Amino acid sequence: MRLKQRIKVLIVDDSLVFRESLSREISKDPDIEVVGTATDPYMARDLIIKLKPDVLTLDVEMPKMNGIEFLKKLMPQYPLPVIVVSSVSKNVLDALDAGAVEFVTKPNVTRPGGMASFVNELIIKIKIASTAKVGNRKSDYTPSRPVANQGIDTMSKIIAIGASTGGTDAIHTVISGLPRDMPPIIIVQHMPPVFTKLYAERLNNTCELEVKEAEDGDALRPGRVLIAPGNFQMRLAKRGTGYIVKCTQEEKVSGHCPSVDVLFDSVAAVAGKQSVGVILTGMGRDGANGLLKMKKTGAYTIGQDEKSSVVYGMPMVAYNIGAVEKQLPLDRIADEIIRFLSK
């Protein structure tokens, strides 16, 4: 179905060849109009004011000012959806922290189909980004600081979290609001390989909990957070009296690998009423059906509300089908998890 209005895109990249190639390829989509290109952030700033694009694609490494510094200056004055288009590096996560809503890794042009696959992914993410809300999405509520365990059963409970667009920041908000003495937490965030490991390492360095990229057979234990690795499906499984995760390379489910539905389905089957399910910001419906299965087995389910979501897609579908028991602003979710587990 065609959009009523074409999405206006501004491309910012210091490579003339890449700018021209990118502009030519994404313009083939009937819903996208490339309104301009810029070689550096200073030119981009002027074109943003003049052309008023709906979405910006931004390289990180550029002359005069890098993309991260540009984002930090741009977002408070001209908040708009930004997709980082860059090589694999920790700088991408810095850009997401600075306000970018999505990222796509630059293609390996020597690999057959590399450019075509990259363009297809970018077009999808441009369309998602055009619906994203940027700027201040927080409520007036002040979440509690993480406190010591106050009667939480850390041995038999499981917390499962799923997110997509805007999820890196949302997951960080939730995890950083939880104390070290928590039940095991397993997470699917839609991300490609390499980035899931970098993201887990970043969370581990900034939160009280131990966070790592999951490996097949990893044991769940109190205070530990496992992030599903990119291009792997992750499931919860029993091992003796405890739990482990199974990570296997499989086809996409609900359009994703890792898939939130795959994780939630396994949690419903294995942990049932001993689990808490949380669905956060993201486009589409991945996780909604799985969360409903969790709820039907007695799990407590939480969904992020529309106002605080970058993209109110996954949590909206989950709420509409009756999978969400409690819908809350992002900055209240950690406190709600603690409250429920402290009953």
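**Tyr300, at a relative accessible area of 6%, is a buried residue, and Phe340 is buried too, at 18%.** Buried here means under 20% relative accessible area, exposed means over 50%, and partly exposed is whatever falls in between (1.4 Å probe, protein chains only). The model is a predicted one, so to speak of local features takes a pLDDT of at least 70 and side-chain atom pairs count only at pLDDT 80 or more, while totals for chains, interfaces and linings use all residues. Residues are numbered from 1 along each chain as its sequence is written, and side-chain values use heavy atoms, with hydrogens and water left out.

**The structure holds three aromatic pairs.** Rings of Phe, Tyr and Trp (its six-membered ring) pair up if their centres lie within 6.5 Å; planes under 30 degrees apart are called stacked, over 60 edge-to-face, and the rest tilted. One of the pairs is Phe18 with Phe118, a tilted one, at 6.0 Å centre to centre and 45° between the planes. Helices (H or I, at least four residues) and strands (E, at least two) are DSSP runs, numbered from the N terminus. Phe18 is buried at 13% relative accessible area, and Phe118 is buried at 3%. Another pair is Tyr300 with Phe340, and this one is stacked: 4.2 Å centre to centre, with 10° between the planes. Tyr300 sits in strand β13 (residues 300-304) and Phe340 in helix α11 (residues 330-341), so the pair ties together parts 40 residues apart in sequence.

**Lys106 lies over the face of Phe18, at 4.6 Å from the ring centre.** To count as a charge over a ring, NZ of Lys or CZ of Arg has to be within 6 Å of the ring centre and within 35 degrees of the ring normal. Elsewhere, the charged end of Lys125 sits over the ring of Phe103, 5.4 Å from its centre.

**Helix α8 (residues 260-270) and helix α9 (residues 288-296) pack with their axes 7 Å apart, at an angle of about 10°.** That makes α8 roughly parallel to α9. The contact takes in Asp261, Phe264, Asp265, Val267 and Ala268 from α8, and Ala288, Asn289, Gly290, Leu291, Lys293 and Met294 from α9. Axes are lines fitted to C-alpha atoms, for helices over the stretch in contact, and angles run from 0 to 180 degrees between N-to-C directions. Under 35 degrees is roughly parallel, over 145 roughly antiparallel, 65 to 115 roughly perpendicular, and the rest oblique. Contact means heavy atoms within 4.5 Å.

**Thr196 is found in helix α7 (residues 195-206) and is buried at 0% relative accessibility.** A polar atom of the Thr196 side chain lies 3.1 Å from the backbone nitrogen of Gly230. A polar contact is a pair of N or O atoms within 3.5 Å; within protein, one must be able to donate a hydrogen and the other to accept it, and residues adjacent in sequence count only if both atoms are side-chain atoms. Neighbours within four places in sequence aside, Thr196 touches Met191, Glu213, Ile227, Ala228, Pro229 and Gly230.

**Thr131 lies in the loop between α5 and β6 (158-163) and is partly exposed, at 45%.** The Thr131 side chain reaches the backbone oxygen of Ile128 at 2.7 Å. Leaving aside neighbours within four places in sequence, Thr131 is in contact with Met283, Val310 and Val311.

**Ser309 lies in the loop between β13 and α10 (314-320).** Is this residue buried or exposed? Ser309 is buried, at 0% relative accessibility. A polar atom of its side chain lies 2.7 Å from the backbone oxygen of Asp305.

**A cis peptide bond joins Cys257 and Pro258, with omega about 10°.** Pro258 has its place in the loop between β11 (242-248) and α8.

**Val194 has a phi near 75°, a positive value in a residue other than glycine.** Val194 is in the loop between β7 (185-189) and α7, and is partly exposed at 44%. Asn231, also not a glycine, has a positive phi near 70°. Look for Asn231 in the loop between β9 (224-227) and β10 (233-239); Asn231 is partly exposed, at 41%.
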